Amino acid sequence: MHKNSSSAKKGSLAPTVIWWAVVAFLALAVIYPSIRLILNSLKVDGSYGLDNYITIFTDSSIIKSMKNSFIVVIPATVFSTVIGVFLSWVVVRTNVPGIKYWQRLLSIPYFIPPFIGAIAWTFLLGPVGYLNKFLMSVFHLAEAPFNIYSLGGMVFIMSMYRYAVSFIVVLPTMRRISASVEEAARISGASPWRTLRDITLPLITPSILGAMLLTFMFILADFGVSSVLGAPNQIHLMTTQIYYLICNSSIPNNLQIASAYSLFLSLFGILGLWVYNRVLRTNKFVVVSGKSAAVERTRLNQPARWGLFVFLMLFFLFTTCAPILATLVTSLTKTYGLPFAAGNITLRNFAQLAEIRNVARAFKNSAFLAVVSGLVITLVTMIISYIAIRGGVRGIRGVRFMQLVVVLPYAVPGVIIALAMILAFSQPLPLLGIRLYNTIWILLIAYIARFMNLGYNNISGAISQVDASLEEAARISGASQLRAFCDVMLPLLKASLVSSFFLVVAPTLSELSLSSLLWSVGNETIGTIVFSAKEEGRILLTAAIAIVLIILVVIINLAVSSQTDKD
């Protein structure tokens, strides 16, 4: 009896100890850097005040970066949303040929890191890009007709890679609309286009608004595209202006001003996340079917049906295949600028990836960071999700706050998180005396803080679908809460845990915004190597790394998508 009592106490104590260990970790990874960022934004010559905030609203270069951001973000958000919603309607609600392949093909830009996409497009639309050179040759032009290194170029690239957000978000809602609603409109004589305008679009309005908000947040937080396309002509958006402030130590109080500007920019992401959650909770305008029957597709006539097929084919070839093909051709070229012919083809650029020390090291570092951050995030978010949803653990405090701590960093641009990490870890940690700056560990902590939300959303959804009575039966049989979780819940979550791990691995492999400020010699990542090679004009090496990265990220994401579809 004494042994059973002792083991029961241990069983009840273990979840509490695990919880507080997670809280301590999140305090180190998120809360402490956030506090340092806030305090630093108020520092002025050894005291505290609002001078840094006054500076960001009076400095002409900062104000210009704000204007540039909204010149890019607003039209790119609108274009991305319109394209994504239209494509989701075509794929789900029409009888366009090849329907089972289009969802997968049109989702590919979502998997490709936007900064890699931007680099890929420079091989097509740069001053000596293949498409510009072709048009100059055909029409005898003295200058390249397209200038991708501009605000317009940023709008175009961000639209081409962020439409997939709206496409993926709206797709499930489009599938759940009751076919009888649209059928009634068609019986009344409405054309497919009139049905789309008057019936389908109003029904999915909340989903469209949610997709638009997510797209707005992603584009506003973008660092990669704006840094690649803005650097040649010194065009700064808000994220790249913060990067410039951090790196330019000749500016008085540069880190303090950057901190104030970062908090101002963070407000947009936090507000966007709040509105997005409100939209999801008030999704009362959508009429969906309670049945799981197949969607009744709009039967288009033959010209419209094949016209849409040709449109999808051209859209996919131009927006996805063309830039990747241009990058592949460049990566196989001996001398950039000469025609791609038998004498100008080589695999040497790929062989160099293993020979150049910092490139090979960057692949190892990124693999280490991706795998470890994936494992830690999966474990931490599993614990938080389980306790938040199931509860029932003694000594637990601050569950809702910890949920917020997990979610918020994903709504904040990566350069801001990087700045918070610099401020927090450039000096030895209080009590511990450990200095993480200029080590790979600061990158790991930043990655974990940034991408926890990916694992949390996936795992919390899986836990909520498991009937609590299964664990209750184990508890009634005498199992502790920890034992019931390990024996009952853990096997049921196996597939979701694996998919969550890979959901984190894919973006961390290609991460740039955090790494660009936190890397150090010996701790390079793939993202920083690609970025540096592009800045140094090493075009062929840039193309080769980009191709390898595109292949890795797309394969991982397609594997996760396939697993999700099976589940």
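Me: Angles of 65 to 115 degrees count as roughly perpendicular. With that in mind, at roughly what angle do helix 6 and helix 15 cross?

Reply: This is a predicted model. In it, the axes of helix 6 (residues 114–125) and helix 15 (residues 302–331) cross at roughly 80° and come within 8 Å. The two helices are therefore roughly perpendicular to each other.

Me: Which residues meet there?

Reply: Helix 6 contributes Ala-120, Trp-121, Phe-123 and Leu-124. On the helix 15 side are Phe-318, Thr-319, Ala-322, Pro-323, Ala-326, Thr-327 and Thr-330. Sorted by type, the contact has eight nonpolar residues, three polar and no charged.

Me: Moving on. How do helix 13 and helix 19 cross?

Reply: Their axes come within 10 Å, at a crossing angle of roughly 25°. That makes helix 13 roughly parallel to helix 19, since angles under 35 degrees count as such. Helix 13 covers residues 238–247, and helix 19 covers residues 414–425.

Me: Is that crossing left-handed or right-handed?

Reply: Left-handed.

Me: And which side chains are involved, by residue?

Reply: Thr-239, Ile-242 and Ile-246 of helix 13 meet Val-415, Ile-416, Leu-419 and Ile-422 of helix 19. Six of the contact residues are nonpolar, one is polar and none is charged.

Me: How many residues of helix 19 are buried?

Reply: Twelve of its twelve, so the helix is described as mostly covered. Among them are Gly-414, Met-421 and Phe-425.

Me: What end-to-end span should helix 19 have, and what does the model give?

Reply: At 1.5 Å a residue, its twelve residues should span 16 Å. The end C-alpha atoms are 16 Å apart, which agrees.

Me: How far is Leu-37 from Ile-417?

Reply: They are 380 residues apart in sequence, and their C-alpha atoms are 9.1 Å apart. Leu-37 counts as buried because its relative accessibility is 5%, and the cut-off is under 20%.

Me: Now the serines. Is Ser-226 buried or exposed?

Reply: Buried, with a relative accessible area of 1%. Ser-226 sits in helix 12 (residues 224–230).

Me: What does Ser-226 touch?

Reply: Leaving out residues up to four places away in sequence, Ser-226 touches Met-154, Met-158, Ala-231, Ile-235, Leu-237, Thr-239 and Thr-240.

Me: One more, in a loop. Where is Asn-344, and is it buried or exposed?

Reply: Asn-344 is in the loop between helix 15 and helix 16 (348–355). At 7% relative accessibility, Asn-344 counts as buried.

Me: Which residues is Asn-344 in contact with?

Reply: Setting aside neighbours within four places, Asn-344 is in contact with Leu-332, Thr-333, Lys-334, Thr-335, Leu-338 and Pro-339.

Me: How far is Asn-344 from Pro-202?

Reply: Their C-alpha atoms are separated by 55 Å, and along the chain the two are 142 residues apart.

Definitions and conventions: Residues numbered from 1 in each chain as written. Predicted model: local features only at pLDDT ≥ 70, side-chain atom pairs only at ≥ 80, totals over all residues. Heavy atoms only, no water. Axes fitted to C-alpha atoms, helices over the stretch in contact; angles between N-to-C directions. Helix = DSSP H or I, 4+ residues; strand = E, 2+ residues; numbered from the N terminus. Parallel < 35°, antiparallel > 145°, perpendicular 65-115°, else oblique. Left-handed = near helix turned anticlockwise from the far one by under 90°. Contact = heavy atoms within 4.5 Å. Nonpolar A, V, L, I, M, F, W, Y, C, P; charged D, E, K, R; others polar. Expected span 1.5 Å × (residues − 1). Buried < 20%, exposed > 50% of the residue type's maximum accessible area, 1.4 Å probe, protein only.
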